[in-house]
Amino acid sequence: MANAISILSKYLPPLYLAAILFGQVFLSSIANILNVENRAVMLILRFLIMVLSYGYILSHFRRRKAYYLRSPWIVCLVTFWIIYSFRLFFDQYVSGVALALPAWELFAWSLGSSLPIAICSFLFAAKNRLLSILFGQAKHGVFLLGFSIVCFLVNPGTIQGAFYLEHLNAITCANAGCALFLLCLGNILLPKSSCDNLPPPLFIEWAGMAVGLFIVVYSATRGVLISTFLITVASIFFFRQSLQILESFQRKNFVLLVPVFFGVIFVATHSPLLLEKLFTSRAPESILTRLEFWRVSAEQFTINPLLGTGFGLQELLGSLEIEKGIYYPHNYLLESLAVGGIVMTLPLIYCTLFPLVNFHKRAKSDASVFPLWLLGVQALVYSMHNGHLGDFPFFWMIFGCMAGTKYRLNNSVNSELSNAND
């Protein structure tokens, strides 16, 4: 029994987190090849992740390890989603607000997806070595997204012009590709002294960068291209003293970098949709559209700063008819302020900014947290501005990992053992 628990604790965290990061793209690609309804596959995947998440959380009560759940970060997280859910319930069933999306979907994404995933990610990071999880994610990501690319090339093929499938938009694909690229880049730049007994799998990391860049480029999304470039350049510049920049780009690694670079150029020039988006005259119009959504959301916040104006924001943004199918401002902070005001937004700010600020300080002295720090910046810079609050589990997963890692590093092993025996 003890061996089974040990094996489960070793392999479950990277598999669980990789399924959230890359599983949707992987299963959608297979469903497309097999001509299976993709939406049904996605619902099954999210349901299984939800069951596993809540089962893992409940197991901590049975094993008397619920003290993890008393963390201030967990308390703020639960508080945020309780306020969110209460407001949704009140607006839908009491006030009769016309939602742009079915209420059950919003509840499923929030209480059934984002909340349990964030808590589980916190628990996994609080109880496991960070690098073993990140290396495991990279290996799984190379396989899952690499196989997805093969399926995409078979059907629908490059003639489509961008990497997306039915019920799987390009932003979701780009988010997965960007995460794999940054994760592998961070692992490559880690000093050997921070890897302990984990040998850096350079082939896996370079393959992951290539696979991630292919999806980033071929997703034809301007936001992820800009975000990937800025995060890479800025992070290397700010942490150049603590990372093995010069050591990583030795001759043998430079040889690997050349085909990756020319491969990206080749893919970019063969993506007509990307070229159209990059050089279209409508690019400024797209930016102004996003700013208008933000302005309207900020205006709704000023009407009732304390409690917000609720989910009527969806109907209001949809009535603008600026861009078809947009019912949310593409900004988590403004969406929270407009829907739930300051009362709902304060826990959200704590859950996002506190782990990131703490990680920024720690990354200066502890390079082992650098790959996760990169993913945290991606969540804040890119994921936070695509979709609505419960739409991207990646966002909540990353901040859960960052908060859980802080909890583990700030508590000694002896104190945890004593708590477990209480």
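1. Asn-331 sits in the loop between α13 and α14 (332–365). Helices here are DSSP runs of H or I with at least four residues, strands are E runs of at least two, and both are numbered from the N terminus. Asn-331 is buried, with a relative accessible area of 9%. Buried means under 20% relative accessible area, exposed means over 50%, and partly exposed lies in between (1.4 Å probe, protein chains only).

2. The model is predicted: local features need pLDDT of at least 70, side-chain atom pairs count only at pLDDT 80 or more, and totals for chains, interfaces and linings use all residues. Residues are numbered from 1 along each chain as its sequence is written, and side-chain values use heavy atoms, with hydrogens and water left out.

3. What does the side chain of Asn-331 reach? It reaches the backbone nitrogen of Leu-333 at 3.1 Å. A polar atom of the Asn-331 side chain also lies 2.9 Å from the backbone nitrogen of Leu-334. These are polar contacts: N or O atoms within 3.5 Å, where within protein one must be able to donate a hydrogen and the other to accept it, and residues adjacent in sequence count only if both atoms are side-chain atoms. Not counting residues up to four places away in sequence, Asn-331 touches Trp-294, Met-384 and His-385. Contact means heavy atoms within 4.5 Å.

4. Now the whole protein. It has 17 helices and zero strands. Of its 422 residues, 52% are buried. Take the contacts with a separation of 6 or more: residues 24 or more positions apart account for 81% of them.

5. Next, the aromatic rings. The structure holds 21 aromatic pairs. Rings of Phe, Tyr and Trp (its six-membered ring) pair if their centres lie within 6.5 Å; planes under 30 degrees apart count as stacked, over 60 as edge-to-face and the rest as tilted. Tyr-84 and Phe-311 have ring centres 5.3 Å apart and planes at 80 degrees, so this pair is edge-to-face. It links distant parts of the chain. Tyr-84 is in helix α3 (residues 72–93), while Phe-311 is in the loop between α12 (283–303) and α13 (312–319), 227 residues apart. Both residues are buried.

6. Phe-395 and Trp-396 also pair edge-to-face, at 5.2 Å centre to centre and 80 degrees between the planes. Phe-395 and Trp-396 are both buried. Ring pairs join Phe-80, Trp-81, Tyr-84, Phe-311, Tyr-332, Phe-395, Trp-396 and Phe-399 into a cluster.

7. Helix α2 (residues 38–62) passes a length check. At 1.5 Å a residue, its 25 residues should span 36 Å, and its end C-alpha atoms are 36 Å apart, which agrees. The expected span is 1.5 Å times one less than the number of residues. At the start of α2, a side-chain oxygen of Glu-37 comes to within 3.4 Å of the backbone nitrogen of Arg-39. Just after α2, Arg-64 takes a positive phi of about 60 degrees.

8. Which residues does Leu-27 contact, leaving aside neighbours within four places in sequence? They are Val-41, Met-42 and Leu-45. Leu-27 lies in helix α1 (residues 2–34). It is partly exposed, with a relative accessible area of 26%. The buried residues of α2 include Val-41, Met-42 and Leu-45. Leu-27 and Val-41 are 14 residues apart in sequence, and their C-alpha atoms are 7.2 Å apart in space.
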